[in-house]
Amino acid sequence: MTAHNRRRFIKQAGAGMGLAAAASFVPTRFAIGQKAKIKLGLMLPYSGTYAALGHNITDAMKMRINEGGGKLGGREIEYVQLDDESAPPKGKDNASRLLVRDKCDILVGTVHSGVALAMAQVAKEENKFLVIPNAGAVDLTRKNCSAKLFRTSFSNWQPAFPCGDVALKDGHKTAVIMTWKYPAGFESAQGFKDSFTKGGGKIIKEILPDFPSVEFQAGLTEIAALKPDCVYVFFAGAGALKFMKDYDAAGLKARIQLYGPGFLTDGVYKQAGSAAEGIKTTLHYADDIDTPINKKFRAAFKDQTKRDADVYAVQGYDTGTFLLQGLAAVQGDVGADKALIKAWEGIKIDSPRGTFTLSKSHEPIQDIYLRQVYSGDEKLLGIAHKALADPGTGCTMA
Ligand code: PHB
């Protein structure tokens with residue numbers, strides 16, 4: 001659907017709304033004063049394999065905003081939430097619903113890279129801000145970077161790149177890669193390959209099940225036959241839990257060291273029980289980072305949600321800080337594009353993951369931690385790469 005057709009489609013869909021639709025044409029932006037609510041469009045997965053990720057992002061973001069007084073730049077907030085189902089074909093229409101039909105001031109989302117790529121197109125066409133609290137699609141902070149697009153999470157390359165060096169240091173020379181067949185999987189695999197092959201390692205096979213399939217058996221049989229020194233995988237959410245269990249049940253965990261970006265274990269290692277023991281991962285967060293802000297955040301999240309915080313909750317929390325600080329700088333005027341971009345480009349976020357700033361391509365420059373699950377806990381082993389920035393190749397902000 002073209003942008004023009006999409007607007008027409010949305011107009012038709014809203015035609016039955018009568019007066020309510022007419023009322024929504026009244027400018028609700030800063031023009032009529034600070035009292036107008038700021039509309040935040042939250043487009044995240046609330047169903048499917050990434051559902052838990054979407055909920056943790058949402059709950060932690062709201063928790064942080066409430067800690068900051070519950071307003072953005074003095075304006076009350078109206079949240080408009082939409083379940084994107086991690087379905088890329090629905091991405092553009094869903095983003096249009098939030099930006100065109102519902103007239104959200106800022107779009108926040110999402111988890112799945114394919115959906116985020118669609119959202120970025122719509123946000124650009126509509127000249128709206130997009131804040132990404134997870135999806136790591138590298139294009140969005142490389143050749144398709146853009147002035148009104150910011151990421152508070154990571155690029156898919158970022159947590160993966162240090163992992164290749166970790167595997168080499170552990171003495172491994174050959175690896176099999178297994179990931180879902182979509183941008184996040186390819187880009188994560190590339191990060192691992194970049195460092196592993198540069199240091200002399202060899203990738204002997206890449207196994208690519210479709211997203212979000214959890215039929216891992218054929219791949220595991222192949223791994224058993226290939227006998228690599230180690231295995232690197234990108235899976236997350238419910239799929240990651242199933243993979244860890246299957247890898248263990250196939251008898252591979254005891255024989256072939258498993259690595260991945262920390263999405264493999266975050267939020268699911270407790271449920272995986274002994275199947276997660278020994279898995280080594282690299283990520284821009286670790287549960288046991290020993291700082292007051294991390295401890296306070298974990299306790300507050302547990303208290304409010306009865307769930308343990310994970311990297312997704314951290315990213316939601318930091319998105320809350322990002323919105324609070326940026327909008328405070330412009331007194332809630334989302335229309336003050338230049339000033340808001342400047343404030344966000346210069347932001348420093350005190351995060352449970354450690355303090356971070358943004359690169360020129362609007363992407364966190366952050367420490368990547370090495371973690372390993374043992375005795376039922378995910379332990380921080382050290383920093384795998386200090387202050388790592390995505391290369392941002394091809395980003396011109398044109
Ligand atoms: C992505 O699609 O970019 C993605 C999804 C889930 C993760 C990490 C990255 O945990």
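I started with the domains: the C-alpha centres of domain 1 and domain 2 lie 30 Å apart. Their bounds, from an automatic or database domain assignment, are 3–154 + 292–362 for domain 1 and 157–283 + 369–388 for domain 2.

A note on what I'm looking at: this is a predicted model, where local features need pLDDT of at least 70, side-chain atom pairs count only at pLDDT 80 or more, and totals for chains, interfaces and linings use all residues. Residues are numbered from 1 along each chain as its sequence is written, and side-chain values use heavy atoms, with hydrogens and water left out.

I found 19 residues of domain 1 in contact with 21 residues of domain 2.

Then I turned to the ligand. I see 16 residues around the ligand, taking a residue as near if one of its heavy atoms lies within 4 Å. The closest are V111, S113, G136, Y182 and Y312.

For N156, the distance from a polar side-chain atom to an oxygen of the ligand is 3.5 Å.

Last, I checked cover: the protein covers 100% of the 280 Å² of accessible area that the ligand has on its own (Shrake-Rupley method, 1.4 Å probe).

Conventions
Polar contact = N/O pair within 3.5 Å; in protein donor to acceptor, adjacent residues only side chain to side chain. Contact = heavy atoms within 4.5 Å.
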